[in-house]
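Please follow the strands of this model first, and then turn to a single loop residue and to a helix.

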Amino acid sequence: MVITIPGYNSSAFAAALLRFPATHRRISTTFMSKTLYSTAGEAAPATAEVNTPVKKPKPWLIVGLGNPGKKYNGTRHNVGFEMVDAIAESEGISMSAVSFKALYGKGLIGNVPVMLAKPQTFMNVSGESVGAIVSYYKIPAQQVLVIYDDLDLPFAKLRLLPKGGHGGHNGMKSIMSHLKGTRDFPRLRIGIGRPPGKMDPANFVLRPFTKKECEELDFTFQTGIEAMRILLLEGFNKSATFVNSPKTLEHLG
C-alpha cells in the first residue's frame, strides 16, 4: 500500500516515522514522486519518471526559382531549379509530385522534415505558388528558404542571408507580395555574373551556361547541399559562416 500525504514536509515525517518500532513501520510513504520507505523500513526505488515528449523539428520549405519548360533548361535564370534538383538527388527526395502550381517533393534532411519546390508559374509570378504552399502548411517565414540567381554576385559565388529586399529580382518581388510583404525569410543567392558589354540583362539571364561554367557550378552545388544540411541541423549562423567564407575544392573532399 502506498500512502501519499500532500503538503507534508517529507524529511520531518520520515524522522518521526523512524521513532516507531520496525514492526510498526510496514508502510510505504510517498512524497514529491519519491518513495521514502517500504516494508520493514527498507529503502525503495523512486517512482517512475514522467516521460517528457521530444519536440519534433519544424518542417522547412526550400524553394528554387526558375522558368518551366525545356526552353529554359540550363539557363542562368534557372540556377535555383538546378540547386533544388541537386539537393533532391543528394538526399534521395523525389520531385515528381505536382500541386500548388509547383513540382515538389517531401523528405528528410537528417531528422528535419523538408519540402522542396520548383514553382511552375514562370519566374515573375513565383509568389502564387510559394504563397499557396506556405498558407496551406502554415510554414513560418523563417522556415522558408528561397534559392535564386543573382546578377550582382560573381559567377558561382553563394551568399546566404537571413532576410532582405528583392534587389530587383522579379521572382523575389512576387514572393514578398504573396507573403504579406514580409522580407524576413532566408535566401540563398547564386551568382551568375554580369552580362558582357552592353548586353541587356533580360537577355543575359536566359542564356545557357557554357561547359566550363557548368563544371564550376557543380562545385557550387556541392557547397549548397552541405549548407542546407548545416542550416537545418545546426542553425542559420553556422550555415552562413560556412557559405559566406572562401572555399577550395579540398574543403569538400
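Strand S6 (residues 102–109) pairs with S7 in the antiparallel sense over 8 bridges, where two strands count as paired if DSSP finds at least two bridges between them, and strands (E, at least two residues) and helices (H or I, at least four) are DSSP runs numbered from the N terminus. Within this pairing, tyrosine 104 stands opposite alanine 117 of S7. The two strands form a hairpin with 2 residues between them, and glycine 110 in the turn has a positive phi of about 70°. This is a predicted model, in which local features need pLDDT of at least 70 and side-chain atom pairs count only at pLDDT 80 or more, whereas totals for chains, interfaces and linings use all residues. Residues are numbered from 1 along each chain as its sequence is written, and side-chain values use heavy atoms, with hydrogens and water left out.

S7 (residues 112–119) is also joined to S4, which runs parallel to S7, by 4 bridges, and leucine 61 has methionine 115 in S7 as its bridge partner. Of the 8 residues of S7, 7 are buried, that is, under 20% relative accessible area with a 1.4 Å probe, protein chains only.

The loop between strand S4 (60–64) and helix H2 (79–91) holds asparagine 67, which counts as buried because its relative accessibility is 7%. A polar atom of the asparagine 67 side chain lies 2.8 Å from the backbone nitrogen of methionine 123.

In helix H4 (residues 170–178), the buried residues include Gly171, Ser174 and Ile175. The buried residues of H4 pack against helix H3 (126–137), strand S8 (144–150) and strand S10 (187–191), and just after H4 lysine 180 takes a positive phi of about 60°.

Notes. Buried means under 20% relative accessible area, exposed over 50%, partly exposed in between (1.4 Å probe, protein chains only). A polar contact is a pair of N or O atoms within 3.5 Å; within protein, one must be able to donate a hydrogen and the other to accept it, and residues adjacent in sequence count only if both atoms are side-chain atoms. Contact means heavy atoms within 4.5 Å.
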